[in-house]
Amino acid sequence: MHHLMHRHLGKIVAGAALALTGTAAMAAITLPSDAGAADGRGSRPAAAGAPAPGRDGGPPPPGVVEKAPAQGKRGTGRDPLTDDELRRAQDLALPRTLRGVAADVTGKPGPERLTTDLVELTPAEAGLADPPRRARVSFYDYRSDSYLTTTVNLTTSTVESADTQHGVQPPPGHDEAVEAARLLIAAPLGAGLRQDYRDATGRDLTGPDPLSVTGFVYRGRAEGAAPGALGECGKHRCIRLFTKIKNGRWIDTRRFVIDLSARTVARLG
């Protein structure tokens, strides 16, 4: 019996399967593949993916991607901020008077926008049927090297609080990482990056577009040694990069520090 099971089933049945009776085992082994057919014309279980009996037998209709439902101007409760709320929050948090005296990462008027997040409700507001909607908007002003956060009430269209801090370095945004890559590529210290890119692609690297970059903050002395050129990091906006060729390999640029405030590049170690 063990020989037959091994021969016909292609594997050794262990444990409780060995307790099967000889009759049951033989039935399992000798049962024909078209069991249940009458004179070879009986119906068999439908194969996976085969059309069900009685249907036209054609392929299933193609899938349809439905459009997302229209988004309202205002969310409710803890709904994510709508596109309209995002625009309103940023307009409320950035009055025209600030736009003229601040600068973004490229030096253009207006601070660099970083994040816009929904604010948690207070315990007293949590039980309200229609609680207020608030957003916290954060910016970095490269003209004064300051971190700006503003909380706006979207229900009343008012600014509830605003704060300015120096020496605070939140995670950089995508535009900041791209600008850091642009500075590194153009700098003499970027020669290795340019050469690695040429070795990998056979083309010259003249700008950040062929790269996928992610930035992370470098805080200078707060992280240990800071060479002379990096002594202002922490006060200045300094970042390091993870760099990858789009649809290609990684290029190690982690030892380079780009001071976005001073628009200079230095190397650790």
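Predicted model: local features only at pLDDT ≥ 70, side-chain atom pairs only at ≥ 80, totals over all residues.
Local features required pLDDT of at least 70 and side-chain atom pairs pLDDT 80 or more, whereas totals for chains, interfaces and linings use all residues. Residues are numbered from 1 along each chain as its sequence is written, and side-chain values use heavy atoms, with hydrogens and water left out.

The bond links Cys233 and Cys238, with an S to S distance of 2.2 Å. The torsion about this S-S bond is about -85 degrees, so the disulfide is left-handed. Relative accessibility is 5% for Cys233 and 1% for Cys238; both cysteines therefore count as buried (buried, under 20% relative accessible area; exposed, over 50%; partly exposed, in between; 1.4 Å probe, protein chains only).

Helices (H or I, at least four residues) and strands (E, at least two) are DSSP runs, numbered from the N terminus. Among the buried residues of α5 are Glu176, Glu179, Leu183, Leu184 and Ile185. The buried residues of this helix pack against several elements, including β1 (112-118), α6 (191-201) and β5 (211-217).

In soluble globular proteins, nonpolar side chains tend to be buried together. A nonpolar core is here a set of buried Ala, Val, Leu, Ile, Met, Phe, Trp, Tyr and Cys residues joined through side-chain atoms within 4.5 Å. The largest such core has 25 residues, and those with the most contacts inside it are Leu184, Leu211, Leu241, Ile258 and Leu260. Two or more residues each come from α5, α6, β5, β6 and β8, with α5 giving the most, six residues. A second, separate core of ten residues includes Leu81, Ala93, Leu94 and Leu154.

Two aromatic pairs were found, defined for rings of Phe, Tyr and Trp (its six-membered ring) with centres within 6.5 Å; planes under 30 degrees apart count as stacked, over 60 as edge-to-face and the rest as tilted. Tyr140 and Tyr142 are edge-to-face, at 5.0 Å centre to centre and 65 degrees between the planes. Phe216 and Phe242 are stacked, at 4.9 Å and 25 degrees. Phe216 lies in strand β5 and Phe242 in strand β6, so this pair ties together parts 26 residues apart in sequence.

Technical notes:
Disulfide = S-S within 2.5 Å. Contact = heavy atoms within 4.5 Å.
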